[in-house]
Amino acid sequence: MSITALYVLCRWVHFASALQIFGLVLFVGWIAPPALRHSLEKHTRVLLGTSLVFCAVSSWLMVTLQAGQMGDGWQDAFSPETWLAVMQTTFGEAWWLQLIFSSLLLVTPLFSPKIRRFLFIFFAASLLMTLARTGHASVEQGISGIAHRLNNGIHLLSAGFWFGGLLPFWLCIRQLSGTVKAFAMQAVIRYSRWGHLAVVLVIVTGIGNAAWILGRWPLALDSIYQRGLWLKILLVAVMIGIALYNRYCVVRSMGQNRQRALTLLASNAVFEWILGLLALLAVSFFATQPPI
């Protein structure tokens, strides 16, 4: 596998794990009622642990692969001198914070539950906000550049809430027939309500990002960047369609066949999550292309 292809794959893993961490810890530490948090932490321990490791490892691998791309391939990918050169670029200045926050997230489980939940949310949010300083958003300077990076940060936080909250949402749906169904229902309702705002923010800030980067409608289908952008738009549109179908069709059918509705909600949540992974893969590829 070439360095470029591995860089795209690593970028996908890093973004997906960072978004998953934020959505998961926000769901457990804020969306879920206090009586449900310990149970959710127990059931999502493997998911969180895996995401933390993937995020930390991929953050360091990105530096290695960036060094290889800047230099002469694999021989420079493991050169300390090239690493130092990478960390002095615009990418490196922003990526220092990725290394710091992904490492801090790894040690956060050592704290007591109350402190741990707060630190998880704070570090995960900081990770996404600093991630907004990378890529095409790092090119612009001045007020416009600051506004672009702020817009990109809101885009990532909103996407993290939506995408990262889908698996704990699925878990709560499965618990609607158990002993904690009242608390699980509270979590499901809260995530659904706040999810409306998150989806709107994803759409608005996504349009803003495209406007800042391209400065026009993405109608040049001979451009790899714009074709990838349209693929992302299509996948996100399907996710939105599923979310609306869940909220305004499936939920309303619970009175007729509750078990069927719950099964459909759960399977649709997993399908949405898979589509989210595919959308992130598309972004990881086209974001490495010239924005023309």
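Helices (H or I, at least four residues) and strands (E, at least two) are DSSP runs, numbered from the N terminus. The model is predicted, so that local features need pLDDT of at least 70 and side-chain atom pairs count only at pLDDT 80 or more, while totals for chains, interfaces and linings use all residues. Residues are numbered from 1 along each chain as its sequence is written, and side-chain values use heavy atoms, with hydrogens and water left out.

**Largest pocket**

- A pocket is, on a 1 Å grid over the protein atoms alone, an open set of points where a 1.4 Å probe fits, with protein on both sides within 12 Å along at least five of seven lines, and its lining residues have an atom within 4 Å of a point.
- The largest pocket holds about 1000 Å³ of space, a volume being the space filled by probe spheres set on the points, which are joined across faces, edges and corners.
- Its lining comprises 41 residues, of which His 155, Gly 206, Asn 209, Leu 229 and Lys 232 are the closest to the centre.
- H11 provides the largest share of this lining, nine residues, and the helices that each supply at least two residues are H1 (3-31), H8 (142-164), H10 (181-214), H11 (224-250) and H12 (258-286).
- By class, the lining of the largest pocket has 29 nonpolar, nine polar and three charged residues, where Ala, Val, Leu, Ile, Met, Phe, Trp, Tyr, Cys and Pro count as nonpolar, Asp, Glu, Lys and Arg as charged, and the others, Gly among them, as polar.

**Second largest pocket**

- The second largest pocket, with a volume of about 520 Å³, is lined by 25 residues, and Phe 169, Ser 192, His 196, Ala 243 and Arg 247 lie nearest its centre.
- H10 gives the most to this lining, with ten residues, and helix H9 (166-174), H10, H11 and H12 each supply at least two.
- The lining of the second largest pocket divides into 18 nonpolar, four polar and three charged residues.

**Two residues compared by accessibility**

- Leu 61, found in helix H3, counts as partly exposed because its relative accessibility is 42%, which lies between the limits for buried (under 20% relative accessible area) and exposed (over 50%), with a 1.4 Å probe and protein chains only.
- Ala 184, found in helix H10, is buried, with a relative accessible area of 0%.
- The C-alpha atoms of Ala 184 and Arg 174 are separated by 8.8 Å, the two residues being ten residues apart along the chain.
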